[in-house]
Amino acid sequence: WVVSPLPYRGRTVMVVGIDACRQSRDSPAIQTLCASTNPYFTTYYTTWRSLRGDLAAGDSLASPGELLKEAFLNFFQNCGRLPDTVVVYRGGVSESQETT
């Protein structure tokens, strides 16, 4: 099912979720992305990266730029244009994951 007519008629919107997690201090962090690939939010593109290196408190994860680039390319291939609006939901490595 889809909502019709769409409330943002004439505009393309991409919804993106980005998250990161790790099992222990010695394990690599996993950075993930899921993004809608059409105006009806009925298909999605997903990808992930394993990030090695020290993620001590205060350090940030690698920029999700490459993951986003892949998602934008996939959206363009499906819609023939880039989205007018991008809504990003972001998670991250929590303190509880850092101390384990």
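1. The structure holds 2 salt bridges. The model is a predicted one, and the points below should be read with that in mind.

2. One of the salt bridges joins the side chains of glutamate 70 and arginine 49, with an N to O distance of 2.1 Å. Because glutamate 70 lies in helix 1 and arginine 49 in strand 3, this pair ties together parts that are 21 residues apart in sequence. Glutamate 70 is partly exposed, at 23% relative accessibility. Arginine 49 is also classed as partly exposed, at 30%.

3. Arginine 81 and aspartate 84 form a salt bridge as well, and their closest N and O atoms lie 2.7 Å apart. Arginine 81 has a relative accessible area of 34%, so it counts as partly exposed. Aspartate 84 has 36% and is likewise partly exposed.

4. On the overall layout, the chain has 2 helices and 4 strands. Read along the sequence, these elements follow the pattern β-β-β-α-β-α. Of the contacts with a separation of 6 or more, 58% are between residues 24 or more positions apart.

5. The chain has 100 residues, and 28% of them count as buried. Its accessible surface comes to about 6,500 Å², and carbon and sulfur atoms contribute 55% of that.

6. The mean pLDDT of the chain is 80, and 75% of the residues reach 70 or more. Helix 1 has the highest confidence, at a mean of 94, whereas helix 2 (residues 95-98) has the lowest, at 54. Where pLDDT is low, predicted coordinates should not be read in detail.

7. Helix 1 covers residues 65-79, which is 15 residues. From its first C-alpha to its last it reaches 21 Å, close to the 21 Å expected at 1.5 Å a residue. Just after helix 1, glycine 80 takes a positive phi of about 80°.

8. Which residues of helix 1 are buried? They are Leu67, Ala71, Asn74 and Phe75. These four cover an arc of only 100° around the axis, which puts them on the same side of helix 1. In an α-helix there are 3.6 residues a turn, so residues three or four places apart point the same way. Lys69 and Gln77, on the other side of helix 1, are exposed.

9. What do the buried residues of helix 1 pack against? Their partners are strand 1 (13-21), strand 2 (29-36) and strand 3 (44-51).

10. Methionine 14 sits in strand 1. At 0% relative accessibility, methionine 14 counts as buried, the cut-off being under 20%. Leaving aside residues up to four places away in sequence, methionine 14 touches Ala35, Ser36, Ala71, Phe72, Phe75, Pro83, Thr85, Val86 and Val87. Two of these names, Ala71 and Phe75, are among the buried residues of helix 1.

Notes
Residues are numbered from 1 along each chain as its sequence is written. Side-chain values use heavy atoms; hydrogens and water are left out. The expected span of a helix is 1.5 Å times one less than its number of residues. Buried means under 20% relative accessible area, exposed over 50%, partly exposed in between (1.4 Å probe, protein chains only). The arc is that of the directions from the helix axis to the C-beta atoms. Contact means heavy atoms within 4.5 Å. Accessible areas come from the Shrake-Rupley method with a 1.4 Å probe; for residues, only the protein chains shown count as cover. pLDDT is the predictor's confidence in each residue, from 0 to 100. A salt bridge is a side-chain nitrogen of Lys or Arg within 4 Å of a carboxyl oxygen of Asp or Glu.
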